[in-house]
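Here is a short report on selected features of a structure. Please keep the sequence and the model at hand while reading.

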2 protein chains.
Amino acid sequence: MDISLFSPYFLGSYGENNHEFEDIFLEFFRDHVYWRRSFHPEDLPPVSIIEKQSSHYLETMAKTKQELHKLSADLKQSVPFSNPRYIGHMASDLLLPGMLAQFITALYNPNNVTEEAAPVTVKMELEVGNKLAEMFGYNLDADKGAVAWGHLTSGGTVANYQSLWMFRSVKYYPLAVKRCGELADIDFVDGQGRSLQGMSTWELMNLSIDEVVQIRVNCLNKLKAMGDEKYDELIELLREQRIEHQGHIDFFDQHKDLKQPVVFVPATAHYSWIKAMKILGIGSKNLWQVPTDEKMRLDPMALKQLLLKAKSENRTVLAVIGVLGTTEFGTVDPISDIVSLRDEMSRDEGLNYYIHVDAAWGGYLSSVFRDENNRMREHEAVKAGFEYFPSAKVYNAFAALCETDSITVDPHKLGYMPFGSGAFIARNKNMCGFVVQEAAYVFDKKNRFVEPEPKLNQLGQYIMEGSKPGAAAAASYVAQNVLPLNAEHFGKLPASTIRTTEVFYHKIAALSEKLAGKATLIAPIEPDTNLICLAINPAGNSSTRVLNDFTRKVFEHIKIEKSTPMFSKEFIGSYTSIFRKNINDKVAHNLCFKLGLDPHSFVRDVEQVEFQDNALFVLRHTLMNPWLSDDKNGVTYMDMYLNYLEEIIVKLVEQ
Amino acid sequence: MDISLFSPYFLGSYGENNHEFEDIFLEFFRDHVYWRRSFHPEDLPPVSIIEKQSSHYLETMAKTKQELHKLSADLKQSVPFSNPRYIGHMASDLLLPGMLAQFITALYNPNNVTEEAAPVTVKMELEVGNKLAEMFGYNLDADKGAVAWGHLTSGGTVANYQSLWMFRSVKYYPLAVKRCGELADIDFVDGQGRSLQGMSTWELMNLSIDEVVQIRVNCLNKLKAMGDEKYDELIELLREQRIEHQGHIDFFDQHKDLKQPVVFVPATAHYSWIKAMKILGIGSKNLWQVPTDEKMRLDPMALKQLLLKAKSENRTVLAVIGVLGTTEFGTVDPISDIVSLRDEMSRDEGLNYYIHVDAAWGGYLSSVFRDENNRMREHEAVKAGFEYFPSAKVYNAFAALCETDSITVDPHKLGYMPFGSGAFIARNKNMCGFVVQEAAYVFDKKNRFVEPEPKLNQLGQYIMEGSKPGAAAAASYVAQNVLPLNAEHFGKLPASTIRTTEVFYHKIAALSEKLAGKATLIAPIEPDTNLICLAINPAGNSSTRVLNDFTRKVFEHIKIEKSTPMFSKEFIGSYTSIFRKNINDKVAHNLCFKLGLDPHSFVRDVEQVEFQDNALFVLRHTLMNPWLSDDKNGVTYMDMYLNYLEEIIVKLVEQ
């Protein structure tokens, strides 16, 4: 791929597009200033020319400049994310259109909590949500079933919380309706006309989201038909039966046959999932970790066994989380297996679960799979231009996204947007109705009935956060308009970085061969995307502990540390750990075999501290910078990096 | 107060400081670009001059400009927050130093989740936290007891969640330690050397935060002394006993004598508190609303009664929330009474609770109460320059902040910072240890022991969010350096707006007199800060319903609506509702009396829809714009607004 394509997309690691940035920003900054002057131009400016000559004014401006000078000086110790020599965490240069849109919009400072404070950018946020939903294959056409909805969050962590918050709210709803029916002697029915009274707790706890939405619609319609007074009374009665009102303790006390719910994540899941379980009061012990296979992907057979275990214990499965691009390894869970397993379990065991995909990292890779008409491209078409990507499993995972219930994706990661910009996308926007929280001052008798359809311009009613910057919405909105989320446009960017990763993978093998007798280098996990790790073992060593100590010494050279000026670094990387407890025996043995380690040195519980360790310390590279394969220096940045590593390794081995 | 003081602080409603903004931004933008070029200057720029002449490059730049042009055009329908004619929600112009710092820092795009991704701005964030803590009177000197800590959030809503999340984590800790002790046959002790085994559940659930911190220190030290292997085993056993691990259900199942916890808020509290209870799984019914007095402040006598009720039901009081500047009325709860009631209840009833102050709105007003050495100013000194502010109750509320446990404050409200910037400030930073969540890849045998003191540079381990923009931290940091948070500097700004509110209050009375025979105007609640409401009743009317319909018609003129271009508005305001159920009979009767309403028309439950209503619809004004009392046009903006209102009212009355 010709990476010169990306020339107009970024400010540039050399600030190449500095004039373009300046010109455009200044133009729209001035436009903003003149906009300020257009609102009642007859008003005299509160700040007069003469005041600007006062000593107080001049001193304050001097103080402002001085403080900003100090800030600018301090910021020079920032991490140079925009440079291809930075290959550490999930950060890079930013898309110029998004960056400029964010800056321009910040001047207007809209607050996307409601359209009243952001008449322009709330619409943009909903449109960003729609485009992301389309990229995942979710439906937007009301004639074709459930309509998707998405919005921005401050980051992926909050989007992850939101999935469990909404899922819980939907999951326990049928029990509340049933109980309300019992108390008021009303027969509520589900979408198929079945009476809820006749359904068991297990049945009611194992309905799909769309089925629960239908129960809510039926219930609200029934109450509406009962007249104003009865309606008010029963809506209140229903509200009082919900888990949100009761809290876990009293709700479970009322439903004695309920057991603690379970949430499944792969062993590789981000730590925000443990936090989510704690914050939501469900408890981290009810987060069941599913073992991963040799490619560090969730093992569907293991998931099935655990689901059966949950059923045998009469436990509700609140959610199964699949990860599309794990934080540590970039690996892609078999989403299609999670989806088909739901069909199977639902049919055979009456066990239904909601599916959330944590695609904070990998979500934007979906653009590679979409054509200009937003259709899923054929596997063969996607494969062209790559050596390995996407494997059948990875292809199927992306193809199955449309059948999941919600997705986390971070514009501030592979969307190349500024921090903090995450997103939560739901397949069925009517999930909103279960969590709606109106502000205290709203009272409007004309719209007294609760409508199943959410009023999305009142964004704050359906999300975890309150006030939020409209500038982030404008950034993604403009970036998506300039570079639509399909293979022909935006997709070329992540595609290029995946191709870079494939090349890097081969170069690791070549370097290992070159260093034969000195060190062994392997990519411990075959990369599914554009994240790749590197394990390094000095020749002749069989101890995991010694390998770890050696690799830590290598890492010292590419590590950010206070004692070394940032700019004296050749490259900046990151590290991670492959814990023995998170991989099976076969995978562990295989890793040891490839590296020349004694499998007895790589253990779950350390007994011999000098020899053993419970994790493998590896270098971790996020290859998202657009210029990694640039060869204007006669050699690509990847090659420069590997040459540098070679130098370090040789020096350390020869010490 | 001479408002010309504020001339250098803002971009200005006329963009008066446009050249200053341009000059400074450009200077530091260029500095940033040259910084990019200083990291390995020997590397050739990835984007070559020749590529910039390609048709693809030119077309993409044209597309970028075109999309930004559309954005800029759309943004012209934004709400003109910076103009003194905007007196609606909590938004205004932004402090120029903060705005510039945010823009400059955004170019570097630091991620404050950890120092590794933000070596500069994490420090700034902690410093912002420290300065806010000092403004509230919290201690920062380790020699003088518990040390405070604060950090930024995406907004006040998340900061509110964080308080309950941390409180729960601390509150239930002693029970976990006790149980761990029982299981492992170890005698853990509290700070006074009392054995936890000998303490009842009630006693353990009614310790102060500092006492629980001491229990944790004692416990960790005891485990550390037992040697590595035992330590690992027991730390794990302890972890398993915590409510975070067990979830509410199993934890309560293990502690049969525990009842559902209660959280107290005033009836005026923000709706995020209900959301918090739902999200955390505690349940909204366990949020007990404390009635307010005639000034719309939490009634301490009512709180006491409810606390006694909680005790009689053997309920744990997790928190009492005081609001410092309610969202709807700007009123200030009696924080000092909440504090002294805790002493009393603790002494007399053995009932202890944590105190959180939701100062999202009013927090920055604390600056008015602090002198240049950060000492609390005398009441008389603060009063000078005001007519009413601060009343003894309001003064005492601010003085008592130092004795609370944590505080929410929003830089993006009265801190005049861009959205989204909230903050959570804790009196005792060791609360962090109870919620710490390390990322999955951390394993470091050298630092194997859990230390009671948090490592604050790893910010992401102690907060709800993950990745977050360092730019917001730099904004507050620079703004605070230019305008320190005391009465001599930053404080002059909120002081001026409070004085404006006092003048406005008198003008309402004058206008009401002028309109005698046509309409009655009153401020239904005496303003505690710079938020003021206005109730309008056409002469001769005694029906609340008619008043509401009339005021809604007035509001139509100052309301943002899609059908009217924003710039054709004379003024832009907001509204709120005073619900009958939230005020007592005396207050309701008094309101009706002043307005000339029949008290039977202002009811909890509407029976006669044409006559009665359950809430009073009032105009709501946030007077935070620095230029409201500017009189360069011969008349202040306040006067212009009131003249405009007069015109509307007269026209409506005469229709």
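## Backbone exceptions

B:P390 sits in the loop between α14 (379-383) and α15 (392-399) of chain B. The peptide bond joining B:F389 and B:P390 is cis, with omega about -15°. The model is a predicted one, and the angles given here come from its coordinates.

Chain A has a cis peptide bond as well. It joins A:F419 and A:G420, and omega is about -15°. A:G420 belongs to the loop between β6 and β7 of chain A.

A:H40 is not a glycine, yet its phi is positive, at about 55°. This residue lies in the loop between α1 (18-38) and α2 (55-75) of chain A. As background, most residues other than glycine have a negative phi, and most peptide bonds are trans.

| Site | Feature | Angle |
|---|---|---|
| A:F419 and A:G420 | cis peptide bond | omega about -15° |
| B:F389 and B:P390 | cis peptide bond | omega about -15° |
| A:H40 | positive phi | phi about 55° |

## The chain A sheet

In what order do the seven strands of the open sheet in chain A run? The order is β1-β7-β6-β5-β4-β2-β3, and the pairing is mixed. β1 and β3 (287-290) of chain A stand at the edges with a single partner strand each, so one side of each has no neighbour in the sheet. From one strand to the next, the twist averages 20°.

One pairing can be followed in detail. Strand β2 (residues 262-266) of chain A and strand β4 (residues 317-323) of chain A are parallel and share three bridges. A:V263 has A:A319 of β4(A) as its bridge partner.

Helix α4 (residues 121-135) of chain A touches β1, β6 (406-409) and β7 (422-426) of chain A. The direction of α4 makes about 115° with that of β1(A).

## The chain B sheet

Chain B has an open sheet of four strands, ordered β8-β9-β11-β10, with antiparallel pairing. Its edge strands are β8 (519-522) and β10 (574-579) of chain B, and each pairs on one side only. Ignoring direction, neighbouring strands are turned by 35° against each other on average.

β10(B) and strand β11 (residues 615-622) of chain B run antiparallel, joined by six bridges. Within this pairing, B:T576 has B:V618 of β11(B) as its bridge partner.

Which strands does helix α20 (residues 585-595) of chain B lie across? They are β8, β9 (531-538) and β11 of chain B, and α20 runs at about 140° to β8(B). Helix α21 (residues 637-654) of chain B also packs on the sheet and touches β8, β9 and β11 of chain B. The direction of α21 makes about 150° with that of β11(B).

## A helix pair in chain A

Helix α9 (residues 228-241) and helix α10 (residues 243-254), both of chain A, have axes that come within 7 Å and cross at roughly 60°. That angle makes α9(A) oblique to α10(A). On the α9(A) side, A:R239, A:E240 and A:Q241 make the contact. On the α10(A) side, the residues are A:I243, A:H245, A:Q246, A:F251 and A:Q254. By class, the contact residues divide into two nonpolar, four polar and two charged.

## Cavities

How many cavities of 30 Å³ or more are there? The count comes to 12. The largest cavity has a volume of about 570 Å³. Its lining holds 41 residues, and A:Q102, A:P469, B:Q102, B:F419 and B:P469 lie nearest the centre.

In chain A they are α3 (96-108), β1 (149-153) and α16 (470-482). In chain B they are α3 (96-108), β1 (149-153) and α17 (470-482). α3(B) gives the largest share, four residues. By class, the lining of the largest cavity divides into 20 nonpolar, 15 polar and six charged residues.

Definitions and conventions:
Residues are numbered from 1 along each chain as its sequence is written. Chains are lettered from A and ligands numbered from 1 in the order in which they are written. This is a predicted model: local features need pLDDT of at least 70, side-chain atom pairs count only at pLDDT 80 or more; totals for chains, interfaces and linings use all residues. Side-chain values use heavy atoms; hydrogens and water are left out. Axes are lines fitted to C-alpha atoms, for helices over the stretch in contact, and angles run from 0 to 180 degrees between N-to-C directions. Helices (H or I, at least four residues) and strands (E, at least two) are DSSP runs, numbered from the N terminus. Angles under 35 degrees count as roughly parallel, over 145 as roughly antiparallel, 65 to 115 as roughly perpendicular and the rest as oblique. Contact means heavy atoms within 4.5 Å. Ala, Val, Leu, Ile, Met, Phe, Trp, Tyr, Cys and Pro count as nonpolar, Asp, Glu, Lys and Arg as charged, and the others, Gly among them, as polar. On a 1 Å grid over the protein atoms alone, a cavity is a set of points where a 1.4 Å probe fits but cannot get out, and a pocket is an open set with protein on both sides within 12 Å along at least five of seven lines; lining residues have an atom within 4 Å of a point. Grid points are joined across faces, edges and corners, and a volume is the space filled by probe spheres set on the points. Two strands pair if DSSP finds at least two bridges between them.
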